[in-house]
Amino acid sequence: MENLKRELKEQIIERLNLEDVNVEDIADDMPLFGGGLGLDSIDALELIVLLENDYGIELTNPEEGKEIFQTVNSMSDFISRNRK
Amino acid sequence: MYINACSTISHQNSFQNENWINELVPLDIKSELITPDYKEFIAPAALRRMSKIIRMSLACSKDCIQQSGTETPDAIIVGTGLGCLADTEKFLNNTLTLTGLIPPTSFIQSTHNTIAGQISLELKNHNYNITHTQNSLSFEHALIDAILCLNEEDSNVLVGAADEAIPLLDELAKQFGLDEITHKLTSGASFFMLSNNKTEASKAQLVDSYTVGLNNSSPGDIIDDFLKRNGLTIGDIDNVLSNTFGTVSEFEIMDTFNATPVKPIDECSGYYFTNSAFGMHLGVEMLAQNSSKRILLYNTLNNSNIGLTLLQSLEA
């Protein structure tokens, strides 16, 4: 699980061009949207693409995204339960 | 109409430097774009996904807002020849190399109107917002639109032009056999605040702009007609600023204008589809420094297109 969390942080930084952010700056329980990392709606689309392309998980219900993308913890939990 | 602010990012030290026209250096193979610290103009959260063309355009726009004191222009009008090339290339590469969903950011930001759109988002401006793309005449078309707006009900219009070079363009240029020194492909952005109101910030006047696409007529006749419709002859023009991609010889251009001095701008701007906007900023500063009364911008970057823009000093 720790490896998955680190991998996710690296992917978030790379895919979302977070130029001044390091893996160490993203705490496992830091909110990704709103305060915390401050991601926005375009980033949410990028994360949906990331889930599908890298982990084979298709989000069919957009409402689910609010829960899944809360933190790195919630993303890694969801991926480990659903990855194909 | 008055030009109340000008801002250019180029291979010259032109950004926020009023004296830049006295520091011009011809470009060489090592010349690079001279950029400000974009974090002074754009929030880091927004900056991270912006390509060079968006960064340049936003910084110049905000500089114009600052210079002119006009926080809410009545229109935002942008000209671009090739648009957001870096994001277009990224998006096309993604479609060729990725399977599954295509990441949305490069697609969203690949369209030409991203530039004007991002400016309006940053300025929280909901007024007229449009992008003109007409090959080498993109900037002049944006200017003509701005003039029409100012002749109707608008008072202040933010108008500008930008293009960005990407390494693929250099590869293409090599395949066409273009020399990279005499035909250095560059990036650049120039923005202006045009206004019906003369203020302390006013630098010069924009009198008229005109374009001819796919021209078959003699350039001399077109220039004479353009000047005639403004009540002038070539003898009333103190300086001509010209850009050409080398398809029209300097001798031919000199011959067209007789005794009027012609200054080529390409050696200082490099080549991009909207480098006539660089020429307009150069012309405005020449007028503001009282070295000329009237300047004609003669755009023959693409020799089948002609763009003419007439500037005059505040006193003329």
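**Sheet and cores**

In chain B, 10 strands make up an open sheet with mixed pairing, in the order S3-S2-S4-S5-S1-S6-S10-S9-S7-S8. Strands are DSSP runs (E, at least two residues), as are helices (H or I, at least four), numbered from the N terminus; two strands pair if DSSP finds at least two bridges between them. From one strand to the next, the twist averages 20°.

This is a predicted model, in which local features need pLDDT of at least 70 and side-chain atom pairs count only at pLDDT 80 or more, while totals for chains, interfaces and linings use all residues. Residues are numbered from 1 along each chain as its sequence is written, and chains are lettered from A and ligands numbered from 1 in the order in which they are written.

Strands S6 (residues 204-212) and S10 (residues 306-312) of chain B pair in the antiparallel sense over 7 bridges. Here Val212(B) stands opposite Ile306(B) in S10(B). Helix H8 (residues 219-229) of chain B packs on the sheet, touching S6 and S10 of chain B, and its direction makes about 35° with that of S10(B). Contact requires C-beta atoms, placed from the backbone, within 7 Å; axes are lines fitted to C-alpha atoms, for helices over the stretch in contact, and angles run from 0 to 180 degrees between N-to-C directions.

The largest nonpolar core has 75 residues, and Ala146(B), Val157(B), Val159(B), Phe192(B) and Leu194(B) have the most contacts inside it. Such a core is a set of buried Ala, Val, Leu, Ile, Met, Phe, Trp, Tyr and Cys residues joined through C-beta atoms within 7 Å; buried means that 20 or more other C-beta atoms lie within 10 Å of the residue's own. Domain 1 (2-195) and domain 2 (206-312) of chain B both give residues to this core, so it lies between them; the domain bounds come from an automatic or database assignment.

Definitions and conventions. Buried ≥ 20, exposed ≤ 12 C-beta atoms within 10 Å, placed from the backbone. Contact = placed C-beta atoms within 7 Å.
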